[in-house]
Amino acid sequence: MTIEAVAHFRSPVEGKFGLPRQSGLASSLRGEIHFTPAYRNPDAVKGLEGFSRIWLIWAFDLNPQSRSLTVRPPRLGGNSRMGVFATRSPFRPNGLGLSCVELLEVDFDCPGAPVLRVAGADLADGTAIIDIKPYLSYADSFPDAMCGFAPEAPQARLDVCLLPDAQGIFDPGQEEALKEILSLDPRPAYHSDAQRIYGIRFEGRDVHFRVEGPRLTVLDAVLPQK
């Protein structure tokens, strides 16, 4: 059996650092799905406009393949080990991810159509998508299911503040998405140095920030040096 990408994801987040750790945590984060030439045909998505959510099966192509039987989930502080198949770690034997995203639009009229516009994805820009399937609430939703060591979504979020050098650079929607993903605290769980400056690539700019206590301060958003 040959597995190939059917599409690629387009996101304002260009690397894995800064991505939400699960889909749906940053609902304001927008992205697009662009099909490869073999599937760039309206027939491939006929009927999909009738669904509000879709499943994406995709490749962890920014992570090396891992044969480790245990991983350290960020949810447990990055120090406790759990079985790889009891986690959603990106370090997996076959490097496949599974995400449920909101389908905002099936665009049949833009260049390269059809293009799917989605919200709440946790995929980096350029990620290869292996398959797309519609979400079915009667088959895919089990509100009473046990959720082990991650029984609910993270509740605590950082207060995000933009300094003047980072203001007015992004449009309101982009700024909202940036604030939302940063509020989730992208740092490794074991990092707590208030003086350390971190950076993510967002909308083609290097966004630098610092975290002190419950407050994250965005210092600037500059074009990358060539």
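Trainee: In what order do the elements of the chain run from the N terminus on?

Mentor: This is a predicted model, and in it the elements run β-β-β-β-β-β-β-β-α-β-α-β-β-β from the N terminus on. That order comprises two helices and 12 strands.

Trainee: And how does the radius of gyration compare with what the globule rule gives?

Mentor: The radius of gyration is 18 Å, close to the 17 Å that the globule rule gives for 226 residues, so the chain is as compact as a globular protein of that length. Along the principal axes, the C-alpha atoms fill a box of roughly 55 × 40 × 35 Å.

Trainee: What share of the residues counts as buried, then?

Mentor: Of the 226 residues, 39% count as buried. The chain exposes about 13100 Å², and carbon and sulfur atoms supply 52% of that area.

Trainee: What about contacts, how much do residues 24 or more positions apart account for?

Mentor: Such pairs account for 69% of the contacts in the chain that have a separation of 6 or more.

Trainee: Let's go to the barrel. Which strands close into it, and in what order?

Mentor: Six strands close into the barrel in the order 1-2-7-6-3-8, with antiparallel pairing, and the twist from one strand to the next averages 45°.

Trainee: How many bridges does strand 3 have with strand 6, and how many with strand 8?

Mentor: Strand 3 (residues 53–59) pairs with strand 6 (residues 96–107) in the antiparallel sense over seven bridges, and A59 has L96 as its bridge partner there. With strand 8, strand 3 pairs in the antiparallel sense over five bridges, and the partner of W58 in strand 8 is I129.

Trainee: Which residue of strand 8 is the bridge partner of A7?

Mentor: A7 has I129 as its bridge partner, a residue that is also the partner of W58. The pairing of strand 1 (residues 7–10) with strand 8 (residues 128–134) is antiparallel and runs over two bridges.

Trainee: Switching to the open sheet: what is its strand order, and what sort of pairing does it have?

Mentor: Four strands form that sheet in the order 9-12-11-10, and the pairing is mixed. Strand 9 (159–162) and strand 10 (198–202) stand at the edges with a single partner strand each, so one side of each is left without a neighbour in the sheet. Neighbouring strands are turned by 30° against each other on average, direction ignored.

Trainee: In which sense do strand 9 and strand 12 pair?

Mentor: Strand 9 and strand 12 (residues 215–222) pair in the parallel sense, over four bridges, and L162 has V218 of strand 12 as its bridge partner.

Trainee: Which strands does helix 2 touch when it packs on the sheet?

Mentor: Helix 2 (residues 172–183) touches strand 9, strand 10, strand 11 (205–212) and strand 12, and its direction makes about 140° with that of strand 10.

Trainee: Which residues touch the most other members of the largest nonpolar core?

Mentor: In that core of 25 residues, they are L182, I200, F202, V207, L216 and V218. Strand 9, helix 2, strand 10, strand 11 and strand 12 are the elements that give two or more residues to the core, and helix 2 gives the most, with four. Not counting residues up to four places away in sequence, L182 touches L158, V160, I200, F209, L216 and V218.

Trainee: And which residues does the second, separate core include?

Mentor: That second core has 20 residues, among them V6, V106, L116 and L123. In soluble globular proteins, nonpolar side chains tend to be buried together.

Trainee: Last one, P164: where is it found, and is it buried or exposed?

Mentor: P164 is found in the loop between strand 9 and helix 2, and at 62% relative accessibility P164 counts as exposed.

Definitions and conventions
Residues are numbered from 1 along each chain as its sequence is written. This is a predicted model: local features need pLDDT of at least 70, side-chain atom pairs count only at pLDDT 80 or more; totals for chains, interfaces and linings use all residues. Side-chain values use heavy atoms; hydrogens and water are left out. Two strands pair if DSSP finds at least two bridges between them. Axes are lines fitted to C-alpha atoms, for helices over the stretch in contact, and angles run from 0 to 180 degrees between N-to-C directions. Contact means heavy atoms within 4.5 Å. The radius of gyration is taken over C-alpha atoms; the globule rule is 2.2 Å times the number of residues to the power 0.38. Buried means under 20% relative accessible area, exposed over 50%, partly exposed in between (1.4 Å probe, protein chains only). Accessible areas come from the Shrake-Rupley method with a 1.4 Å probe; for residues, only the protein chains shown count as cover. A nonpolar core is a set of buried Ala, Val, Leu, Ile, Met, Phe, Trp, Tyr and Cys residues joined through side-chain atoms within 4.5 Å.
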